[in-house]
Amino acid sequence: MKTNKEELLDNQVKVTVTVDAADVDSRINKTYRDFAARYNFPGFRKGKAPRKVIDNALGAEAVAATVSEQLVNEGYPFAIEAEGLFPMGQPKFSADEIAKAGEPYEFSFEIEVKPSYELTSYDPVEIEMPASGATEAEIDDQLETMRGHYVEFVDASAAKKLKEDNFADLKIVATDETGKNVETVSSESRLYGPGSGMLSEAFDKEIMGMKKGETREFELLIPVTEDSVLLQPLAGQKVKFEVTCTVVKKKELPEVTDEWAKETMGFENVADMRERIAQSIEVQKDSYLPRLKENNCLQALMTRVEGEVPGALVEQQQTNLLQEFFGQLQGAGMTLDGYLKMQGITSDQFKADIKAQATDEVKSGLALDAWARHNGIEVTDAEVLAEFNKAGVPDPEGMMEEWRQEGRLYLIREGVIRGKAVNQVMETAVVTETDAPAKDETVEVSAEDEKAAEAE
């Protein structure tokens, strides 16, 4: 088979496929033999009926029509592979005549293909990355987190006023509109910190500036949109509060000494603790820095895409993401409403997030396509076969051939090409290391540390 591609408007292409006369004749001969063996023709044993008998019984063009259909069905996926097309829709076929013995057969089809974009620059991307090893700033940051797990609340002086960064031991008497005590809110002694979300912002404003021994009385209308776990059941009601400040407290962090490192944290000394923290940070960085580098490179490359991302591609990717998402929800036995409540987002926010993710994925894909095209990145059949091997299918070569015959192999080729492109982008990237603590790190250094965090 031979193919010829013609570029049309709006990402449409026309592909003409020509099958040589020898192949047409071979197909016609085989089809006559198949028909003779398949059907019963009076006066002839199976497989022995001559062509004229078959034509008279099935129609003069039955064999030619069957051959034409076979050639189109086989020629389409062949053309997709031969021309390196990435279809975006269904093809529209055109074939004026049916196959004839001794003559080449030609058909064509038009199809929308993935648009090609260019980048404003094909120079290496420039990105910032956390330092590969554990920096002193990162170690210090983790030490502060560990100290926070062992914070103590000590009494402040009697003259100390309650501020946003302080805590207080409060006696709270809360009554509803009928004068009934609200047991879930009332307490003889509750350690409370403004801004903790335990009670409302309106409550926090009323108690701000209280001192030891001071009592305040006030009434609050609990809004229907109240987020406080304690006050939400009272939404829409008026609640009277009588609050007495038993004592204002301030947080006191432990001093980092060899004694604290050994007796509380289980290390030999501070130096040993810092070394162990550094090792934990390095292990975690080895795990997530490659992903972070890939993400940063893609973000930088995306900004170079010329033109707007096609809405049709974004909608298609949104559909893919939603199908995958709802499959995961179903597997977890969760509903969408339950997921939204758990995440604390609305349905509109969820839709906006999905659209933004779809837009980014389409844009990064188009950017990688442009990079690969500009740098001559190609994919071999061996590399495609390797993907089927990675998938662990029983017959990789057979599965690959099946995908080829179905005209779907371009999907694997696209993934391999984009993978090679992103690797090249990462390898050539100009990286500037920063000393700022990496935000994604969570260092676990001892069982005692975990217990303290749970108890706090």
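Start with the second largest pocket of this predicted model, which has a volume of about 500 Å³. Select M88, L313, Q316, L411 and E414: of the 19 lining residues, these are the closest to the pocket centre. Helices α8 (311-332), α10 and α13 each give two or more residues to this lining. By class, the lining has nine nonpolar, six polar and four charged residues.

K114 sits in the loop between β4 (105-112) and β5 (126-130), whereas E414 belongs to helix α13, 300 residues apart. Both K114 and E414 are buried.

Next, select D369 and R418, another salt bridge, with the closest N and O atoms 2.9 Å apart. D369 is in helix α10 and R418 in helix α13, so the pair ties together parts 49 residues apart in sequence. D369 is buried at 12% relative accessible area; R418, at 21%, is partly exposed.

Now move to the largest pocket, with about 780 Å³ of space. Select E83, G84, L85, F86 and R373, the closest to its centre among 30 lining residues. Helix α10 gives the largest share of the lining, five residues. The lining counts 15 nonpolar, five polar and 10 charged residues.

Finish with E81, D381, E401, R404 and R413, which a network of salt bridges links. The structure holds 24 salt bridges.

Note on methods: Residues are numbered from 1 along each chain as its sequence is written. This is a predicted model: local features need pLDDT of at least 70, side-chain atom pairs count only at pLDDT 80 or more; totals for chains, interfaces and linings use all residues. Side-chain values use heavy atoms; hydrogens and water are left out. On a 1 Å grid over the protein atoms alone, a cavity is a set of points where a 1.4 Å probe fits but cannot get out, and a pocket is an open set with protein on both sides within 12 Å along at least five of seven lines; lining residues have an atom within 4 Å of a point. Grid points are joined across faces, edges and corners, and a volume is the space filled by probe spheres set on the points. Helices (H or I, at least four residues) and strands (E, at least two) are DSSP runs, numbered from the N terminus. Ala, Val, Leu, Ile, Met, Phe, Trp, Tyr, Cys and Pro count as nonpolar, Asp, Glu, Lys and Arg as charged, and the others, Gly among them, as polar. A salt bridge is a side-chain nitrogen of Lys or Arg within 4 Å of a carboxyl oxygen of Asp or Glu. Buried means under 20% relative accessible area, exposed over 50%, partly exposed in between (1.4 Å probe, protein chains only).
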